[in-house]
Amino acid sequence: MRYLTAGESHGKQLTTIVEGIPSLMPLLTEDINESLIRRQGGYGRGRRMQIEKDLINITGGVRHGYTLGSPISLVLTNDDFTHWRNIMGEDPIGDDEEVRRTISRPRPGHADLNGALKYGHRDMRNVLERSSARETAARVAAGAIAKKLLAELDIKITGYVNTIGGITASYDETMSLQERKDMSEASPVRTLDKEAEEKMMQAIDTAKQEGDSIGGIVEVMVEGMPAGIGSYVQYDRKIDSRIAGSVVSINAFKGVEFGVGFEAGHLNGSEVHDEIAWSEERGYYRKTNRLGGFEGGMTTGMPLIVKGVMKPIPTLYKPLQSVDIDTKEPFKASIERSDSCAVPAAAVVMEHVVAWELARALTEQFPHDQFPKLKESLDQYREEIRCF
Ligand SMILES: Cc1cc2nc3c(=O)[nH]c(=O)nc-3n(C[C@H](O)[C@H](O)[C@H](O)COP(=O)(O)O)c2cc1C
Ligand SMILES: C=C(O[C@@H]1CC(C(=O)O)=C[C@@H](OP(=O)(O)O)[C@H]1O)C(=O)O
């Protein structure tokens with residue numbers, strides 16, 4: 001399975017082409033739209049999200065509610081394009097003052113300066129248009145197909161907020177995935193702790209009032225992945241490594257943890273490793289799940305617990321010092337609009353990029369052109385490992 005996305009933040013549309021989804025898998029437009037609508041929500045977003053209404057147009061690869069096995073093409077229009085038609089125009093640049101105005105002031109923490117240096121763009125709009133997290137909408141669309149594949153295989157996944165601006169939710173670790181999903185969906189900041197929710201919203205308000213931004217930590221939980229998915233035999237087949245790469249590829253994500261994560265550096269082996277047990281009903285299982293469901297680049301069959309950290313949004317109303325690339329003079333720019341916190345939206349993005357990696361690993365391990373055959377093979381494998 002692979003996918004590519006194309007499109008600029010204020011251009012006409014985002015396009016995603018997804019390849020490798022087996023044929024005969026049920027897939028409806030609503031399956032993708034549900035994910036896109038969730039990604040748009042969450043406390044702390046800026047005015048752009050009031051303009052966009054992300055709804056997918058499936059333009060290839062699906063017929064009468066089933067995948068064909070051919071590439072799936074997805075189109076998402078940018079409603080904001082109507083306001084940017086001239087600036088984003090395809091025609092050669094004319095005399096219009098507004099269209100000719102370039103962006104020469106790079107924001108610390110964004111891709112502006114590095115992208116300008118790399119691609120030789122003296123107008124940094126040519127960088128920010130593609131480096132924008134608008135692209136995560138296209139990735140969520142691809143991830144929604146992966147999520148559908150997982151759901152059809154009885155694998156459930158959900159993402160929620162653990163921390164915003166230094167406020168960490170406390171919740172019962174034994175909560176089921178369904179409980180976490182229901183609670184986080186009912187929360188404006190997608191968290192599992194009502195008390196923390198209030199404080200997180202206050203922290204977002206304060207950051208916004210001060211012209212600042214805040215980041216946080218999101219967590220993704222997966223139930224139903226069988227043991228032994230991924231592999232230890234080659235570095236690029238290790239499933240934890242693939243997940244780590246895809247999480248850090250989300251705009252503004254700077255780190256990943258599995259289970260106890262970095263805390264493992266402070267604990268003894270006996271406090272980290274999960275003892276192995278077996279029962280007729282469950283097959284092999286771990287008495288605890290401190291490693292978050294990963295050992296040796298493979299799943300253990302326990303729930304997967306992955307955390308990702310998002311840095312604060314770089315575009316600040318209270319801007320940091322930078323240098324104008326035309327005049328080489330220092331400046332402190334003012335901006336038009338930005339999110340002050342996108343952590344709740346990013347929880348949805350992370351859920352979808354993790355779903356993608358899991359679906360990819362499953363389709364590699366059970367390679368079938370037809371989805372019902374993949375499902376049959378996986379069910380057989382589940383039975384085999386239970387009795388092994
Ligand atoms: C859902 C989401 C929304 C974001 N919104 C903004 C935003 O409004 N303004 C901004 O400057 N950065 C925003 N970002 C972060 C930037 O896209 C990101 O920091 C930038 O692409 C530079 O990449 P890096 O932070 O990974 O180095 C957002 C990120 C995500 C995941
Ligand atoms: C458009 C989205 O996020 C955008 C990500 C983003 C950035 O710099 O990453 C900047 C903002 O865009 P604009 O400058 O148009 O307000 C966000 O709104 C989206 O999530 O769909």
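Tutor: Let's start with a pair of strands: β1 and strand β2, which spans residues 13-19, run antiparallel to each other and are joined over 5 bridges. In general, the strands of a sheet pair through backbone hydrogen bonds, in either a parallel or an antiparallel way. Keep in mind as you look that this is a predicted model.

Now widen the view to the sheet as a whole. It is an open sheet of 4 strands in the order β1-β2-β6-β3, with antiparallel pairing. Which strands form its edges? They are β1 (2-6) and β3 (57-60), each of which pairs on one side only. From one strand to the next, the twist averages 20°. A helix also packs on this sheet: α7, residues 135-152, touches β1, β2 and β6 (72-77), and its direction makes about 30° with that of β2.

Helix α1 (residues 29-40) meets α12 at an angle of about 145°, and their axes are 7 Å apart. On the α1 side, the contact is made by Ser 35, Arg 38 and Arg 39, while α12 brings Ala 345, Val 348, Val 349 and His 352. Sorted by class, the residues of this contact are 3 nonpolar, 2 polar and 2 charged.

Helix α12, residues 343-365, also leads us to a ligand: with 3 residues, α12 gives the most to the shell around ligand 1. There are 21 residues around ligand 1, and those that come nearest are Ala 133, Asn 251, Thr 315, Asp 339 and Ala 342. The shell divides into 10 nonpolar, 9 polar and 2 charged residues.

Next, turn to ligand 2. Of the 13 residues around ligand 2, the nearest are Arg 48, Ser 132, Ala 133, Arg 134 and Arg 337. What does the shell around ligand 2 have by class? There are 2 nonpolar, 6 polar and 5 charged residues.

Another helix worth a look is α8, residues 177-185, whose buried residues are Arg 180, Met 183 and Ser 184. Why do they lie on the same side of α8? Because they cover an arc of only 95° around the axis. These buried residues of α8 pack against β7 (156-164) and β9 (216-223). On the face turned away from the buried side of α8, you will find the exposed residues Gln 178 and Glu 185.

Ala 252 sits in the loop between α10 (239-248) and β10 (253-258), and its phi is near 80°, a positive value in a residue other than glycine. Is Ala 252 buried or exposed? Ala 252 counts as buried because it has 20 C-beta neighbours inside 10 Å. Lys 328 lies in the loop between β16 (322-323) and β17 (330-331). Lys 328 is not a glycine either, yet it has a positive phi of about 65°. With 7 C-beta neighbours inside 10 Å, Lys 328 counts as exposed.

Note on methods
Residues are numbered from 1 along each chain as its sequence is written. Chains are lettered from A and ligands numbered from 1 in the order in which they are written. This is a predicted model: local features need pLDDT of at least 70, side-chain atom pairs count only at pLDDT 80 or more; totals for chains, interfaces and linings use all residues. A residue is near a molecule or strand if its C-beta atom, placed from the backbone, lies within 6 Å of it. Ala, Val, Leu, Ile, Met, Phe, Trp, Tyr, Cys and Pro count as nonpolar, Asp, Glu, Lys and Arg as charged, and the others, Gly among them, as polar. A residue is buried if 20 or more other C-beta atoms lie within 10 Å of its own, exposed if 12 or fewer, and partly exposed in between; C-beta atoms are placed from the backbone. Helices (H or I, at least four residues) and strands (E, at least two) are DSSP runs, numbered from the N terminus. The arc is that of the directions from the helix axis to the C-beta atoms. Two residues are in contact if their C-beta atoms, placed from the backbone, lie within 7 Å. Two strands pair if DSSP finds at least two bridges between them. Axes are lines fitted to C-alpha atoms, for helices over the stretch in contact, and angles run from 0 to 180 degrees between N-to-C directions.
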